[in-house]
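Hi there,

Here is the structure I promised to pass on to you. Have it open while you read, and my notes on what turned up in it follow just below.

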Amino acid sequence: MVIYLFLPVFFLPCTVVSTPSKCSAQGHFDQLAFMANGDLSIGGIFPLHYRVELPTTDYTEKPLTAQCQGFDSRAFRWALAMRLAVEEINNSADLLPNHTLDYRIFDSCATPVTAQRAVLAVLNGQDVAESSMCSGGGPLLAIVGESGSSQSIVVSRTMQPFRIPMISYFSTCSCLSDRKQFPTFFRVVPSDDYQVKAIAQLLKKFGWRWVGVVTEDHDYGRFALQGLKREIETTDICLAYHEMIPKDFRQERVLEILNVMRRSTARVVVVFSGEGEFYPFLREFLNQNITGIQWIASEAWVTASILAETYPFLAGTIGFAVRQGYVPGLKEYLMTVNPQKYPSNPLVKELWEALYGCSPLSSNTSTQLPLCTGQETLRRQHSAYMNTSSPRVTYNVYKAVYAIAHSLHNLFQCVPGYGPFNESSCADINDIHPWQLQHYLQEVSFSVSGERVNFDARGDSIPSYDLINWKRQANGDINFVKVGLYDGARDAGRELLIQDQAVVWPGNQSKARPQYLSALTAVLQDSGRLPAVGSLCAALTVYHVTMARLVIRQIR
């Protein structure tokens with residue numbers, strides 16, 4: 001006998017109760033960061049906190065709401081870049097004249113579950129509690145989000161039944177290029193298909209053939225690892241190990257990973273992880289006194305100021321960052337945000353606590369921190385928030401908002417009888433459907449800050465990276481210095497360009513750490529033993545295990 005179960009896959013978190021004229025929200029979602037009114041509605045989702053703490057419950061009473069912890073001032077800057085872009089567009093006489101964008105920006109807390117709650121809150125609109133039809137605000141046309149690939153997967157799938165397009169500013173998983181699974185997904189950041197090509201070329205360039213890989217336990221890390229393996233399978237580069245940082249940080253598991261790193265002879269380590277997962281991992285790494293590591297950073301953390309400020313041993317790190325751009329007026333705009341201007345915004349209070357270690361007087365919440373006026377001056381040392389010299393992800397957010405605006409502008413310019421829809425019709429400007437906006441997003445092409453922006457058939461943007469080196473300055477600070485680039489538009493094998501003499505390696509060395517593997521390879525090939533062990537990687541594994549055993553015997 002076959003039993004069929006029909007389960008709802010998507011739902012909006014509100015329900016009609018008792019009479020059709022009442023609507024009640026299923027719980028309260030209080031992660032709204034900013035909002036503004038207009039006639040064209042878009043949403044924004046940003047990881048304004050690093051993690052979520054789930055309270056324990058035995059379900060004998062209503063479970064407490066999950067608490068977001070670890071304020072991320074860098075992501076807060078991203079959210080403010082969206083506000084800046086919207087305000088520019090709304091004040092423009094050329095782009096979307098006679099129309100204004102409205103927005104609602106929510107915090108995903110860097111987790112898929114909270115990201116889904118955020119997108120449902122955006123879909124419901126701002127007045128759901130008072131609405132008779134469980135809806136409020138104007139129809140949502142598009143979303144700018146998310147940062148993490150796992151969050152973007154959840155957000156995209158949640159919005160698919162409504163055909164609402166989204167543009168990600170930092171989700172790089174190659175899986176999101178699948179138009180069958182993610183038909184409404186766009187991004188202004190290159191797919192990891194190109195990042196792993198760049199990293200493989202970097203490893204080959206410096207002769208690093210024996211490397212370890214550490215990834216986060218999300219789709220981003222898993223797909224990046226698959227891609228890297230695919231890129232190196234026909235080369236002489238071999239993986240000594242692959243370890244995964246657990247989603248829920250567990251010290252015992254992290255210590256196991258660090259023990260593998262300590263025992264391994266691989267001194268080059270590639271890390272695919274967001275800064276939120278990598279930060280506590282590095283704290284334990286520091287305590288274990290492991291030295292001599294050459295870190296290869298993925299784009300998710302290669303320009304994370306909080307890591308550079310907290311862990312100076314990362315000097316010499318090298319990795320690929322998304323292309324930098326220019327956001328006019330960004331620094332001045334960030335400096336206008338303070339507790340005096342936003343006395344009731346808890347995120348601005350958290351920003352001040354993160355930057356100054358004090359609680360502003362305008363805050364009504366209890367705190368153990370010393371009090372301050374909320375009028376303190378933002379300075380250069382607040383780099384996680386005030387780093388505006390080479391905006392990258394911030395610039396991507398800016399581009400994403402402008403992509404939506406230009407697409408809407410083109411939609412309004414449609415001439416009846418020459419339109420792209422049935423019978424050459426145009427969209428009804430008083431009743432725009434999100435799927436109609438998606439058509440214009442797919443076709444959009446515009447310039448911003450000197451860069452041409454468009455999307456290919458998979459919703460991806462042109463692959464281009466800056467090669468970043470972490471250089472320690474005389475005062476001990478670490479600067480992110482561009483020492484090369486990867487241009488996916490160049491001929492195969494010529495995409496990577498490096499200024500070798502500009503790179504500073506760990507220990508302030510001017511040359512990369514050598515790996516003495518060429519002689520081993522030659523000996524194995526000349527003696528005919530390489531086919532016997534199956535492959536170069538197998539030979540290297542045998543070699544390094546043997547060397548490790550010799551070292552252990554000598555110690556004993």
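**Disulfides and packed helices**

Cys-414 and Cys-426 are joined by a disulfide, with 1.9 Å from S to S. Please keep in mind that this is a predicted model. The torsion about this S-S bond is about -75°, so the disulfide of Cys-414 and Cys-426 is left-handed. The pair links distant parts of the chain, twelve residues apart, and both cysteines sit in the loop between H12 and helix H13 (434-443).

Are these two cysteines buried or partly exposed? Cys-414 has 16% relative accessibility and so counts as buried, because the cut-off for buried is under 20%. Cys-426, with a relative accessible area of 21%, is partly exposed.

Another disulfide is formed by Cys-173 and Cys-175, whose sulfur atoms are 2.3 Å apart. The link of Cys-173 and Cys-175 is right-handed too, with 135° about the S-S bond. Cys-173 is buried at a relative accessible area of 0%, and Cys-175 counts as buried at 12%.

Now for the helices. Two packed helices are described by the angle between their axes and the distance between the axes.

Take helix H1 (residues 73-90) and helix H12 (residues 393-412) to begin with: their axes come within 8 Å and cross at roughly 30°. H1 passes H12 in a right-handed crossing. Among the residues making the contact are Trp-78, Met-82 and Ile-89 of H1, and Val-397, Tyr-398 and Val-401 of H12. Sorted by class, this contact of H1 with H12 has twelve nonpolar, one polar and three charged residues.

Then look at helix H2 (residues 112-124) and helix H3 (residues 149-159), which pack at an angle of about 35° with their axes 8 Å apart. The crossing of H2 and H3 is also right-handed. Residues that meet here include Val-119 and Leu-123 in H2, and Val-154 and Met-159 in H3. What classes of residue make up the contact of H2 with H3? It has eight nonpolar, four polar and no charged residues.

Happy exploring!

How values were computed
Residues numbered from 1 in each chain as written. Predicted model: local features only at pLDDT ≥ 70, side-chain atom pairs only at ≥ 80, totals over all residues. Heavy atoms only, no water. Axes fitted to C-alpha atoms, helices over the stretch in contact; angles between N-to-C directions. Helix = DSSP H or I, 4+ residues; strand = E, 2+ residues; numbered from the N terminus. Left-handed = near helix turned anticlockwise from the far one by under 90°. Contact = heavy atoms within 4.5 Å. Nonpolar A, V, L, I, M, F, W, Y, C, P; charged D, E, K, R; others polar. Disulfide = S-S within 2.5 Å. Buried < 20%, exposed > 50% of the residue type's maximum accessible area, 1.4 Å probe, protein only.
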